[in-house]
Amino acid sequence: MIAIGFGITLKVWGDYACFTRPEMKVERVSYDVMTPSAARGILEAIYWKPAISWKIDRIHVLNPIKFDNIRRNEVKSKIPASNVNSALRGGEVSLHLDPNADRVQRASLVLRDVCYCIEAHFEMTQEAGPEDTPEKHYNVALRRMRKGQCFHHPYFGCREFPVNFEFVEGEIPASYYTGDKGGQKDLGFMLYDIDFEDEMKAIFFRANMVDGVIDLEKCLAYGGVS
């Protein structure tokens with residue numbers, strides 16, 4: 001890393017979310033709250049360049065944690081990559097997939113009526129050039145967040161769960177988990193991120209929510225990563 005950029009606070013909300021637990025295999029079961037990697041994905045959907053790397057500082061859980069059980073029809077197969085490569089070389093292969101013949105019904109335990117505030121900053125990477133400055137990228141990201149612009153529309157874990165977002169100018173809204181409903185809540189081990197430079201190794205951490213806030217620096221210092 002070369003230099004640290006400026007911090008931002010982004011409010012995100014939506015009707016449904018699913019931050020899938022990997023141990024549940026094909027039946028999708030969501031974590032209780034948004035994962036840091038999902039928060040980073042939202043920021044990258046709004047603004048990303050090779051010169052910067054988003055880092056999540058804190059996740060504020062504004063709404064009460066509620067779950068819904070839904071069932072959906074899905075296609076269980078995909079077109080083999082070898083068929084696609086063969087077609088690109090001019091081969092006569094079928095790239096057709098019949099959803100009626102390959103449909104399967106799966107259950108999902110998803111979050112309902114979610115709302116979070118993401119506190120984050122970015123760091124300059126080794127890809128940054130002489131023209132790349134923290135001020136430049138911060139101002140571009142700020143403008144896009146204020147105008148509601150994005151490279152592709154962000155989503156909460158699954159593409160069918162779109163994200164609404166707005167830049168937080170003043171104080172962060174109060175969490176549902178304050179006052180009598182506050183205190184400390186151990187959310188167990190949670191996915192922190194994927195290390196793409198180490199054969200896509202999954203990194204987990206011990207998530208601890210205090211008064212509706214998950215402070216990533218404190219969680220990583222207390223429980224470490226694995």
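**Pocket lining.** I started with the largest pocket and looked up which elements line it. Helix α1 (36-46), strand β4 (67-75), helix α3 (134-147) and strand β7 each supply at least two residues of its lining. I note here that this is a predicted model. Which element gives the most to the lining? That is α1, with 8 residues. In total, 33 residues line the pocket. I picked out the ones nearest its centre: S37, A38, G41, Y155 and G157. For the volume of this pocket I have about 660 Å³.

**Salt bridges.** Next I went through the charged pairs, and the structure holds 14 salt bridges. I looked at a few of them in turn.

D193 and R40 meet through their side chains, at 2.6 Å from N to O. D193 sits in strand β7 and R40 in helix α1, so this pair ties together parts that are 153 residues apart in sequence. Are these two buried or exposed? Both D193 and R40 are buried.

K136 has 36% relative accessibility, so I put it down as partly exposed. D132 counts as buried because its relative accessibility is 16%, under the 20% cut-off.

Then I checked R146, which forms a salt bridge with E169; their closest N and O atoms are 2.8 Å apart. This pair links distant parts of the chain, with R146 in helix α3 and E169 in the loop between β6 (164-167) and β7, 23 residues apart. R146 has a relative accessible area of 51%, so I wrote it down as exposed. E169 is exposed too, at 56%. I also found a network: salt bridges that share partners join R28, R72, E74, R106 and E160.

I went back to β7 to see how it pairs. Strand β7 (residues 184-195) runs antiparallel to strand β8 (residues 201-210), and 10 bridges join them. Which residue in β8 is the bridge partner of D195? I found K201 there. The hairpin has 5 residues between the strands, and I noted that E199 takes a positive phi near 55°.

**Nonpolar surface patch.** Last, I looked at the surface. V75, I79, V84, L88, V93, L95 and L97 form a nonpolar patch, with about 530 Å² of accessible area together. I followed up on L88, which is found in helix α2 (residues 81-88). L88 has a relative accessible area of 71%, so I have it down as exposed.

Notes
Residues are numbered from 1 along each chain as its sequence is written. This is a predicted model: local features need pLDDT of at least 70, side-chain atom pairs count only at pLDDT 80 or more; totals for chains, interfaces and linings use all residues. Side-chain values use heavy atoms; hydrogens and water are left out. Two strands pair if DSSP finds at least two bridges between them. Helices (H or I, at least four residues) and strands (E, at least two) are DSSP runs, numbered from the N terminus. Patches are made of residues with over 30% relative accessible area and no salt bridge: like charges are joined within 9 Å, nonpolar side chains (Val, Leu, Ile, Met, Phe, Trp, Tyr) within 5 Å. Accessible areas come from the Shrake-Rupley method with a 1.4 Å probe; for residues, only the protein chains shown count as cover. A salt bridge is a side-chain nitrogen of Lys or Arg within 4 Å of a carboxyl oxygen of Asp or Glu. Buried means under 20% relative accessible area, exposed over 50%, partly exposed in between (1.4 Å probe, protein chains only). On a 1 Å grid over the protein atoms alone, a cavity is a set of points where a 1.4 Å probe fits but cannot get out, and a pocket is an open set with protein on both sides within 12 Å along at least five of seven lines; lining residues have an atom within 4 Å of a point. Grid points are joined across faces, edges and corners, and a volume is the space filled by probe spheres set on the points.
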